[in-house]
Amino acid sequence: MLTVPMAIDHVDVLIVGAGLSGIGAAVHLRRNCPDKTYAVLEARGAIGGTWDLFRYPGIRSDSDMYTLGYSFKPWTAAKAIADGDSIRDYVNDTAREYGVDEHIRFHHKVVRAEWDSGTARWTVHAHRADTAEDVVLTCDFLFTCSGYYRYDEGYTPQLPGVERYTGRLVHPQHWPADLDHTGKRVVVIGSGATAVTLVPAMARQAAHVTMLQRSPTYVISLPSRDPLADALRRRLPAKAAYPIVRWKNVLLGVANFQLSRRAPGVVKALLRRAAKGKLPVGYDVDRHFSPRYDPWDQRLCVVPDGDLFAAVKSGRAAVVTDTIDTFTEHGLRLASGEELPADVVVTATGLNLLAFGGMTLSVDGADVDLADTVAYKGMMLSGVPNFAMTIGYTNASWTLKADLVATYVCRLLRHLDATGQQIVTPLAPDTADLEPIIDLKSGYVLRAVDQLPKQGPAAPWRLHQNYPRDVLLMRHGRLTDEGVRFSRATAPTTPATPVA
């Protein structure tokens with residue numbers, strides 16, 4: 001049973017999560033709704049979210065920083081594909097520059113939020129990891145920016161015979177600070193974005209690194225620096241150059257995705273040819289770099305300056321496509337009978353999805369089952385009033401969508417004030433034609449697809465994977481349509497302690 005303190009703090013908007021999207025949401029709120037009080041609750045003890053949590057070798061962005069960066073704060077560093085430390089510094093600098101760091105409450109893990117239509121107010125229960133106290137706040141609008149995977153536990157499949165293994169076994173999500181892989185034989189299990197980052201990074205010091213995959217992933221090489229950005233930086237101020245490069249990269253990404261959907265065979269051939277050109281002569285490209293699925297059924301893996309291909313070509317790394325028969329005392333034996341000796345095994349096997357950091361929701365005393373809700377404009381849930389969530393694009397940078405969602409929330413808040421309304425509630429579409437909100441076929445999505453909200457067949461219940469189209473919808477589209485209802489509270493509001 002959660003204990004309720006005598007005095008309950010109240011804010012107009014409560015933001016959950018102080019990562020890339022949470023800090024962005026706070027800045028948008030400060031810039032566009034300066035009269036609103038707000039607080040940011042962060043379960044961990046630092047700003048940065050993913051970029052503070054993950055500390056494995058080579059950690060970097062898997063998309064360019066001109067689109068992963070905020071719309072309001074130009075990315076000015078030289079590298080377009082940036083390392084994790086640089087991204088974390090960028091988020092921290094943003095929080096300090098706009099003063100939102102003063103509104104963050106660290107070690108506050110939100111466990112439950114209860115909506116009351118009578119008072120038009122959320123009651124939010126959090127647990128403080130640093131003091132073991134239960135904390136309660138109230139807010140008029142709840143804005144979750146906590147991503148969709150578990151921060152405390154990555155996904156590791158059953159590994160036969162792993163108890164016999166005497167080497168070091170690590171998961172990238174919890175990289176041990178004392179791990180020295182210099183001169184060691186390393187096996188990285190996996191083929192996704194984390195694996196293709198780890199392999200070339202570890203190969204610089206390791207005796208040898210093997211990337212062991214059950215099946216291949218599409219891997220594309222992009223320059224770590226953007227030539228257009230470099231050219232414009234010499235001629236224009238950062239604030240003028242940044243949107244030009246941002247839109248160039250957005251449009252190239254949209255074109256790539258649309259071509260992949262309409263002519264997957266063409267894109268497959270182009271990706272295969274590009275990989276073949278960077279690998280040794282005679283390399284079995286089809287076995288190791290030609291997936292069975294179409295491009296963008298899962299995310300493409302970006303390798304800056306072809307570093308993964310270069311590591312393979314140099315002999316410092318290898319890709320093996322096979323399945324594990326069993327771990328042995330000193331490595332792994334594969335289904336083919338091949339033995340892989342390993343001093344260190346890294347299980348880059350993916351994430352566990354966890355919506356809203358595991359917090360539960362209730363509306364007027366009834367618990368909300370996320371699987372029964374339908375997303376409105378990819379950012380609100382049917383039947384859940386005054387609530388928004390940030391879910392980024394699957395085919396483009398997360399922050400592009402996060403910026404649009406934050407902008408839309410600010411528009412909604414101003415609309416409520418201007419019209420004298422207090423409550424905005426999305427309505428589910430009258431159709432049974434529903435699909436999961438995340439349309440990827442990646443393992444981490446498929447493992448949790450039954451627990452996620454749904455999306456409808458058309459706007460406003462459809463999550464577009466098209467930034468230019470969403471700009472029109474989210475920044476300039478109507479706030480009143482068939483998918484939403486505005487109303488007022490039905491009972492007087494209980495006084496609460498305001499928070500600046």
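The model is predicted, so local features need pLDDT of at least 70 and side-chain atom pairs count only at pLDDT 80 or more, while totals for chains, interfaces and linings use all residues. Residues are numbered from 1 along each chain as its sequence is written, and side-chain values use heavy atoms, leaving out hydrogens and water.

Side chains of opposite charge can pair when their charged atoms come close. The structure holds 25 salt bridges (a side-chain nitrogen of Lys or Arg within 4 Å of a carboxyl oxygen of Asp or Glu).

Let's begin with Arg-225 and Asp-230, whose side chains meet in a salt bridge at 3.2 Å, N to O. Asp-230 is buried, with a relative accessible area of 15%, whereas Arg-225 is partly exposed at 40% (buried means under 20% relative accessible area, exposed over 50%, partly exposed in between, with a 1.4 Å probe and protein chains only).

Next comes Lys-268, which pairs with Asp-294; their closest N and O atoms are 3.3 Å apart. Helices (H or I, at least four residues) and strands (E, at least two) are DSSP runs, numbered from the N terminus.

In another salt bridge, Asp-481 meets Lys-377, with the closest N and O atoms 3.4 Å apart. This pair links distant parts of the chain, 104 residues apart. Lys-377 is buried at 1%, while Asp-481 is partly exposed at 21%.

Finally, look for Arg-44, Asp-52 and Arg-55, which are linked in a network of salt bridges.
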